[in-house]
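Please read this briefing alongside the sequence and the model, which are shown next. The points after the lead sentences are grouped by topic.

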Amino acid sequence: FYEYNEMAMQFGFITMFALAFPPAALLALGNNIFEFASDAHKVLRSTRRVRYEGAVGIKPWDSIFRFLQLFGVVTNVLLFLLVDADARALDARTGALGVFAVVVSAWALIFVISRLIPDVPAQVLKEIKKERWVAAELRKVLEQRKAAAPEREHVRPPSTRPKAPRMPSRRKPARSGHSSPSRSAGAAGAAEVQAAARSPQQ
């Protein structure tokens with residue numbers, strides 16, 4: 001905003017008061033060249049890279065510059081009427097008609113020049129058309145993929161994920177029907193003690 005505001009103020013002073021100080025345009029050109037070099041050095045070498053922000057044009061600044069361009073014609077004609085002695089000698093009606101004729105002629109000349117000199121070069125227009133065509137083709141491809149996506153969801157391919165290996169079981173092995181020798185010996189000893197306890201009673 002501040003950069004465009006500075007340029008708009010400079011352009012307004014030059015166009016509206018060009019008759020008062022004609023070398024102002026040349027001085028402004030030298031100032032802009034020096035400022036362009038200093039800003040380029042600041043952006044490329046002294047500071048970090050600025051964040052990119054896309055824009056279609058410089059509106060509403062374009063409308064402001066065009067208004068200053070047309071209004072500058074009116075102010076310069078009025079300044080000429082105030083400064084020139086012959087113009088001040090004219091009556092009010094003749095002076096008004098002269099101002100109207102000069103302003104309309106200048107506006108017509110500005111309109112013709114703006115039509116003859118395009119705002120965008122032909123090569124840039126060609127590149128813009130190419131980028132738009134590429135963007136349109138990519139949009140078509142993306143739409144086709146989105147249309148084919150629901151059909152792919154119904155047919156799912158078999159899973160190729162490898163199965164995890166099973167860990168060895170930590171359960172104890174089942175015991176067989178035969179008892180161990182120590183257990184059988186203990187059972188026999190208990191039977192003998194019971195038999196010895198019964199024999200005195202008999």
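Is the crossing of α1 and α3 left-handed or right-handed? The crossing of these two helices is right-handed, where a crossing counts as right-handed if the near helix is turned clockwise from the far one by less than a right angle, and as left-handed if anticlockwise. This is a predicted model, in which local features need pLDDT of at least 70 and side-chain atom pairs count only at pLDDT 80 or more, while totals for chains, interfaces and linings use all residues. Residues are numbered from 1 along each chain as its sequence is written, and side-chain values use heavy atoms, with hydrogens and water left out.

**Overall make-up**
- The protein chain has seven helices and zero strands, these elements being DSSP runs numbered from the N terminus (H or I over at least four residues for helices, E over at least two for strands).
- Of the 202 residues of the protein chain, 10% count as buried, a term that stands for under 20% relative accessible area with a 1.4 Å probe and protein chains only.
- Among contacts (heavy atoms within 4.5 Å) between residues at least 6 apart in sequence, 76% join residues at least 24 apart.

**Helices α1 and α3**
- The axes of α1 (residues 2-16) and α3 (residues 61-83) come within 7 Å and cross at roughly 20°, the axes being lines fitted to C-alpha atoms over the stretch in contact, with angles from 0 to 180 degrees between N-to-C directions.
- The two helices are therefore roughly parallel to each other, a label given to angles under 35 degrees.
- The residues of the contact of α1 with α3 divide into eleven nonpolar, seven polar and no charged, where Ala, Val, Leu, Ile, Met, Phe, Trp, Tyr, Cys and Pro count as nonpolar, Asp, Glu, Lys and Arg as charged, and the others, Gly among them, as polar.

**Thr15 in helix α1**
- Thr15 is found in helix α1 and counts as buried because its relative accessibility is 17%.
- A polar atom of the Thr15 side chain lies 2.8 Å from the backbone oxygen of Phe11.
- Leaving aside residues up to four places away in sequence, Thr15 touches Leu68, Gly72, Thr75 and Asn76.

**Helices α3 and α5**
- The axes of α3 and α5 (residues 92-116) come within 10 Å and cross at roughly 145°, and this crossing is right-handed.
- The contact of α3 with α5 has eleven nonpolar, two polar and no charged residues.

Conventions:
Parallel < 35°, antiparallel > 145°, perpendicular 65-115°, else oblique. Buried < 20%, exposed > 50% of the residue type's maximum accessible area, 1.4 Å probe, protein only. Polar contact = N/O pair within 3.5 Å; in protein donor to acceptor, adjacent residues only side chain to side chain.
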